[in-house]
Amino acid sequence: MPELLSIQQALERILAYASPLPVETVPLEHAAGRVLGESARATVDLPPFPSSAMDGFAVRAEDTPGELPVAFRVAAGSAPPGPLSAGTAAGIATGGTVPEGADAVVPIELVEDHGDRVAFSEPARAGQHVRPRGGDVTAGDVVAGAGVRLGAVRIGALAAAGISAVRCSRKPRVAVLATGSELRPPGSELAPGQIYESNRVMLAAALEHAGAEVDVLPVVEDDAAAHRAALERGLDADVVVTSGGVSVGPHDLVRRVAAELGVEEVFWGVAVKPGKPLAFGVRGRTLVFGLPGNPVSSLVGALVFVRPALCALEGLAAPEPVYHRGRLSVSLRRNLHRDEFVRARRVPTDDGILLEAVSGQESHMIVRAAAADALVLVPRGTGEVSAGDEIGYLPLD
Ligand code: AMP
Ligand code: MG
């Protein structure tokens, strides 16, 4: 194996090949989870008119306290019949248009409503309970900028600002394929030497979560012709993610067959544990990730390398993984040559997040890994990182 790249070097090489896919128009109701390709601007002032924050009475503050005739009543959804004359009050609902001339709303709880007249015991303050026009946003202002992912808050903001559709890079299409003659579908009978295939559904879940449209291909036997057929099909996608068969064994065929199909290998081997034999190549605009088959290695490869690439294809301004900070509950020995992702549980404490390594850290132990909710990044080196030391981690799920 050639000299191993660091995680950061590998990520930089990958991201150099991952430029945003062409943009398309997406109706807002289908835009949750998508990344904005172009900034979206408000079509209206919000609120579009001065509106009442309470059910009550609109007045001129200077006319209170005292008793005033009720000139009219304003429901939400219709304009007031005219301006409010001095020395009168108007009934108003929350969200109703504050009539011209009025500068305050007195909540219904604080008045005596006699039908045609209303009594105010306290003086109102000018501006109270009135939401000024444009107080949230002004027409033409940016509601959400290019390069951000749309979650619930932004979707709500876009709708409120009158935006019915947005421009987003199309979703990356990802082909997932697993190699290994020992693999059988979960639920089937296992013959000696066989195991259940788990990486395809796991990878599909991880990559769909990152915004991809995933095509799961059939499992591929450790046979060059089968590899060729599957890879050829996968190479139509924007991204191909394979699992297994990238190591140094005689049945590890992915890199050789990919090369035969015109995939140019950019690198093979990252100084990371688990996941060292990860291969990355390109054919035209298609990115090809060869992840090692051990399930935890595959998972780490997907989260640390494939997911950022998908985010970049989607046009996310900051596609790199965001490491959170926590403290180790016990000391951990460093690996001399490779940065190590240790599976851990997050325990919230008064002093921040405590990270407890789970038992069973071998790369085939996916069930042990499932007890964790964090991947703690232990930098390579000599000695150990001590209990109580601050350290970075990636949240799982
Ligand atoms: P490989 O990278 O092909 O050498 O596989 C490494 C280990 O991971 C072997 O024990 C395989 O049986 C196992 N493995 C490979 N692919 C999968 C998969 N899709 N699901 C579960 N285990 C796998
Ligand atoms: Mg294999």
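Visitor: Where is histidine 129 found?
Guide: Histidine 129 has a positive phi of about 60° although it is not a glycine. Strands here are DSSP runs (E, at least two residues) numbered from the N terminus. On that count, histidine 129 is in the loop between strand 9 and strand 10 (130-131).

Visitor: Before we go on, what kind of model is this?
Guide: It's a predicted model, where local features need pLDDT of at least 70, side-chain atom pairs count only at pLDDT 80 or more, and totals for chains, interfaces and linings use all residues. Residues are numbered from 1 along each chain as its sequence is written, chains are lettered from A and ligands numbered from 1 in the order written, and side-chain values use heavy atoms, leaving out hydrogens and water.

Visitor: What is omega for the peptide bond from lysine 273 to proline 274?
Guide: Proline 274 is in the loop between strand 19 (272-273) and strand 20 (279-283). Its bond from lysine 273 is cis, with omega near -5°.

Visitor: And which residue does a cis peptide bond join to proline 47?
Guide: Proline 47 lies in the loop between strand 2 (40-41) and strand 3 (51-52). Omega is about -10° for this cis bond, and the partner is leucine 46.

Visitor: How far is an oxygen atom of ligand 1 from an N or O atom in the side chain of glutamate 182?
Guide: Glutamate 182 is among the closest of the 16 residues surrounding ligand 1 (a heavy atom within 4 Å). Glutamate 197 is also among the closest, with a polar side-chain atom 2.8 Å from a ligand nitrogen. For glutamate 182, the distance is 2.5 Å.

Visitor: How many residues of the shell around ligand 1 are charged?
Guide: Ala, Val, Leu, Ile, Met, Phe, Trp, Tyr, Cys and Pro count as nonpolar, Asp, Glu, Lys and Arg as charged, and the others, Gly among them, as polar. The shell divides into 6 nonpolar and 8 polar residues, and the charged ones number 2.

Note on methods. A polar contact is a pair of N or O atoms within 3.5 Å; within protein, one must be able to donate a hydrogen and the other to accept it, and residues adjacent in sequence count only if both atoms are side-chain atoms. Helices (H or I, at least four residues) and strands (E, at least two) are DSSP runs, numbered from the N terminus.
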